[in-house]
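Happy to walk through this one with you. Shall we take a helix pair and then the pockets?

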Amino acid sequence: MDFSGKVVLITGAGSGIGRKVAIMFAERGAKVAVNDLSEHRGNETVEMIKQEGKTAIFIAGDVSKDAKQIIEKVVQAFGKIDILVNNAGIVPYGNVEESSEEDFEKTIEINVKGPFLLSKFAIEEMKKQKYGVIVNIASEAGLVGIPRRCVYSVSKAALLGLTRSLAVDYVDFGIRVNAICPGTTYSQGLAERVKASPDPEETMRRMVSRIPMKRLGKEEEIAFAILFAACDEASFMTGSIINIDGGSTMV
């Protein structure tokens, strides 16, 4: 998976899977644009990449409001955009009774509208070069029911619909669109949520117990799948949904 000469934008790349995939793209030769709401975390990712002698820039912006400007800044910096990874998202908790209208609107804004707009403006650039790849980071929650993830599940199911629609509409322009559906993955953010729960040990036990492999995913395991979906070796794959969930969606 050689990305030399490719320009990649990863949203939500200031931490977790987004940071890991940004670093791994850079390691394989890509010029990386790191987007995050947090300037501090985003610049941390950029510095990690630059310390290895690789190329990266930080682009601030809210994906639900600043999509056009984010894409424009990538093109201004690197002259093009080859790969877009729509990773930024939020995970509200609650069933339909516990979820507010505000929860619903905010989640759809970030998890669906953001990827929609970023894809819209990225595709305008990709069509010029008759090449491009979009990888949407969905979730197992978009495929199966998970307790108290009502609004999140709705948003990720919508993202899968967007993936297939973009794939079929732009296949003739040399643009591929795929989605990755991670299961529960260990990250700093997840560790903090577990620690803040009333019973961290029981919370972690419940998370692991519903996964057939009886462990959480690792950030690099998800990142490798994202890189594969984006690489030229996967050039015959578009409109595909890739599950990486320890077997959670097979039962």
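Here are a few questions and answers on helix packing and pockets.

This is a predicted model, with local features needing pLDDT of at least 70 and side-chain atom pairs counting only at pLDDT 80 or more, while totals for chains, interfaces and linings use all residues. Residues are numbered from 1 along each chain as its sequence is written, and side-chain values use heavy atoms, with hydrogens and water left out.

Q: Are H1 and H8 roughly parallel or oblique to each other?
A: The axes of H1 (residues 16-27) and H8 (residues 219-230) come within 9 Å and cross at roughly 55°. Angles under 35 degrees count as roughly parallel, over 145 as roughly antiparallel, 65 to 115 as roughly perpendicular and the rest as oblique. The pair is therefore oblique.

Q: Which class in the contact of H1 with H8 has ten residues?
A: Residues of H1 including Ile 17, Val 21 and Phe 25 meet residues of H8, among them Ile 222, Phe 224 and Leu 227, where contact means heavy atoms within 4.5 Å. One contact residue is polar, three are charged, and the ten are nonpolar.

Q: Which element gives the largest share of the lining of the largest pocket?
A: About 1,500 Å³ of space lies in this pocket. Elements giving two or more residues to its lining are H1, S2, H5, H6 and H7. The largest share, six residues, comes from H6.

Q: Which element gives the largest share of the lining of the second largest pocket?
A: This pocket holds about 170 Å³ of space. H4 (101-129) and H5 each give two or more residues to its lining. The largest share, six residues, comes from H4.

Conventions:
Axes are lines fitted to C-alpha atoms, for helices over the stretch in contact, and angles run from 0 to 180 degrees between N-to-C directions. Helices (H or I, at least four residues) and strands (E, at least two) are DSSP runs, numbered from the N terminus. Ala, Val, Leu, Ile, Met, Phe, Trp, Tyr, Cys and Pro count as nonpolar, Asp, Glu, Lys and Arg as charged, and the others, Gly among them, as polar. On a 1 Å grid over the protein atoms alone, a cavity is a set of points where a 1.4 Å probe fits but cannot get out, and a pocket is an open set with protein on both sides within 12 Å along at least five of seven lines; lining residues have an atom within 4 Å of a point. Grid points are joined across faces, edges and corners, and a volume is the space filled by probe spheres set on the points.
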